[in-house]
Amino acid sequence: MNSSRAQSKSRTGNVLICVLACLAIVIAMVMATVQSAIRGRMEVRMHRQLLQTELLCEAGVKRAVEQIHKSVAYRGEKWIPKRISKVFEYSEVEIKIEPSLDDANLLRAEIVAALGSSSNSHDRMQRSHTFSINLPSSATDPK
């Protein structure tokens with residue numbers, strides 16, 4: 001009688017160990033799936049932020065060209081567009097215009113666009129573009 005009780009307890013113990021091992025494997029698989037989903041979400045968010053920042057930089061380039069054509073005296077600005085996204089609260093474009101050192105008919109433009117969910121630098125993404133632009137003909141023609 002004692003040996004059958006010992007066998008019963010031994011079987012119960014073995015079953016419990018198997019159940020715990022299976023539970024550990026399932027938990028590990030669930031954790032790996034959750035980590036993968038979180039990583040994927042972060043990558044999609046970063047890709048979206050990169051695209052938005054590039055578009056913001058492009059808008060800064062267009063704004064700089066437009067302002068130079070309005071006034072050759074334009075030398076840049078810090079442009080804060082209206083909120084462009086519910087996700088990204090912080091957006092800023094810095095435009096710097098300088099005379100070119102190589103050619104009197106050229107201006108050198110530097111555009112720096114920054115986008116993030118706050119003004120903290122750790123979550124901001126930045127893109128820049130530097131280019132030369134011809135002065136409008138009315139600015140270079142003597143009157």
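This is a predicted model: local features need pLDDT of at least 70, side-chain atom pairs count only at pLDDT 80 or more; totals for chains, interfaces and linings use all residues.

Trainee: How many disulfides does the search of the whole structure find?

Mentor: The search finds zero, a disulfide being a pair of cysteine sulfur atoms within 2.5 Å.

Trainee: Is cysteine 57 buried or exposed?

Mentor: Cysteine 57 is buried, at a relative accessible area of 6%. Buried means under 20% relative accessible area, exposed over 50%, and partly exposed in between (1.4 Å probe, protein chains only). Cysteine 18, at 49%, counts as partly exposed.

Trainee: Turning to the sheet, in what order do the strands lie?

Mentor: The order is β1-β2-β3-β4, in an open sheet of four strands with antiparallel pairing. Strands β1 (76-79) and β4 (125-134) stand at the edges with a single partner strand each, so one side of each lacks a neighbour in the sheet. Strands are DSSP runs (E, at least two residues), as helices are (H or I, at least four), numbered from the N terminus. Two strands pair if DSSP finds at least two bridges between them.

Trainee: How many bridges join β2 to β3?

Mentor: Ten bridges join β2 (residues 90-99) to β3 (residues 106-116), and the two run antiparallel. Lysine 96, for instance, has glutamate 110 in β3 as its bridge partner.

Trainee: Which side chain does lysine 96 meet in a salt bridge?

Mentor: Lysine 96 meets glutamate 94, at 3.9 Å from N to O. A salt bridge is a side-chain nitrogen of Lys or Arg within 4 Å of a carboxyl oxygen of Asp or Glu. Lysine 96 is partly exposed at 40%, and glutamate 94 is partly exposed at 28%.

Trainee: What about isoleucine 97, is it buried or exposed?

Mentor: Isoleucine 97, found in strand β2, is buried, with a relative accessible area of 5%. Isoleucine 97 and arginine 75 are 22 residues apart in sequence, yet 4.5 Å apart in space, C-alpha to C-alpha.

Trainee: How many salt bridges are there in the whole structure?

Mentor: The search finds five. One of them joins lysine 62 and glutamate 58, with the closest N and O atoms 3.6 Å apart.

Trainee: How are lysine 62 and glutamate 58 placed in helix α1?

Mentor: Lysine 62 and glutamate 58 are four residues apart there, which separates them by about one helical turn. Lysine 62 is exposed at 55%, whereas glutamate 58 is partly exposed at 42%.

Trainee: And what does glutamate 66 form a salt bridge with?

Mentor: Its partner is lysine 70, the closest N and O atoms being 3.9 Å apart. Glutamate 66 and lysine 70 are likewise four residues apart in helix α1, about one helical turn. Lysine 70 is exposed at 61%, and glutamate 66 is partly exposed at 45%.

Note on methods
Residues are numbered from 1 along each chain as its sequence is written. Side-chain values use heavy atoms; hydrogens and water are left out.
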